[in-house]
Structure formats: C-alpha cells, structure tokens
Amino acid sequence: MKQALARGETFESQQAFDNIDAILSVPGIHAVTLGPADLAQELGVFGTPDQGKVLNEYRLQLIEAAKRHGKDVSMLVGSIEQGEQWIRAGVKIICYASEVEILRRGIMEAATRLHAVK
C-alpha cells in the first residue's frame, strides 16, 4: 500500500512571499513554515531591534495565506509563550526550540542546581 508523504514549503525570501499564493496553490504542499534567520538576513533586519517585529509581520502573512489555501502552518518557537501566541493565531504545528537550545537549557538548569547544593 502506498503512503502519501506530507510535503512542506519553507518561506525564507522576499521572493517567496511575493509569490505566496502561487506557491500555496501547488498541489501536494500540505504545510508551510517560515525560515526566520534566512528571511531576516535577506530583509536586512537580522540582529537588529526590529527583527522580531518584522518577522512577526511575515509570520502573520504566511498564516493568512495558508488559511486561504487550506494549508497548515508550522512555526519554530523559542518559548512556551511564543508557542501559545502562534497557536492562537492559527498555527497547527509547533516546533519548540532547537535541540541545541533544549540541551543548553538542560545543562544550565543542572549546573545551577548542582552549584546550589551545600
């Protein structure tokens, strides 16, 4: 029996957003996500105070376009609060932090607890 594989598309350039409806109308794309670092670099906001605000505007554009085309949205988040925010906005798939960040947090918590032992 053949199984259908879900196909996704990452939006990480202005060009992708300029063609958002054409891309989302492609059969076989089931979910979309935003490539935050690549997009921020292309837009010239990487590492600036405006990065979060600008990326959130693009995230909202992606969510709205995905709704129009019946696609799901996946979002990489760095905190529970961000996850809650984007779920409320209509995101269906939450990728919580990266494996490196999860490991870093675990190590920091362990180090803090061990240093506190008297």
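Predicted model: local features only at pLDDT ≥ 70, side-chain atom pairs only at ≥ 80, totals over all residues.
Residues are numbered from 1 along each chain as its sequence is written, and side-chain values use heavy atoms, with hydrogens and water left out. Local features need pLDDT of at least 70 and side-chain atom pairs count only at pLDDT 80 or more, while totals for chains, interfaces and linings use all residues.

Let's start with helix α4, which covers residues 51-69. Helices here are DSSP runs of H or I with at least four residues, strands are runs of E with at least two, and both are numbered from the N terminus. From first C-alpha to last, the 19 residues of α4 reach 27 Å, close to the 27 Å expected at 1.5 Å a residue; the expected span is 1.5 Å times one less than the number of residues. Its buried residues include Q51, V54, L55 and Y58. Buried means under 20% relative accessible area, exposed means over 50%, and partly exposed lies in between (1.4 Å probe, protein chains only). After α4 comes G70, with a positive phi near 70°.

A polar atom of the Q51 side chain lies 2.6 Å from the backbone nitrogen of G47. Beyond its neighbours within four places in sequence, Q51 is in contact (heavy atoms within 4.5 Å) with A40, V45 and F46. F46 sits in the loop between α3 (36-43) and α4, and is partly exposed at 46% relative accessible area. Leaving out residues up to four places away, F46 touches A37, A40, Q41 and Q51.

Next come the charged pairs. The whole structure has four salt bridges, each defined as a side-chain nitrogen of Lys or Arg within 4 Å of a carboxyl oxygen of Asp or Glu. One of them joins E57 and K53 at 3.8 Å, N to O. Because E57 and K53 are four residues apart in α4, they are separated by about one helical turn. In general, an α-helix has 3.6 residues a turn, so residues three or four places apart point the same way. E64 and K67 also pair, at 3.6 Å, and R113 and E109 do so at 4.0 Å, both in helix α6 (residues 99-116).

Finally, I80, I87, I94, Y96 and I102 form a nonpolar surface patch with about 440 Å² of accessible area together. α5 (80-89) and β4 (93-96) each supply at least two of the patch residues. Y96, in strand β4, is partly exposed at 35%.

Definitions and conventions. Patch = residues over 30% accessible without salt bridge, like charges linked within 9 Å, V, L, I, M, F, W, Y side chains within 5 Å. Areas by Shrake-Rupley, 256 points an atom, 1.4 Å probe, with all protein chains shown as cover. Polar contact = N/O pair within 3.5 Å; in protein donor to acceptor, adjacent residues only side chain to side chain.
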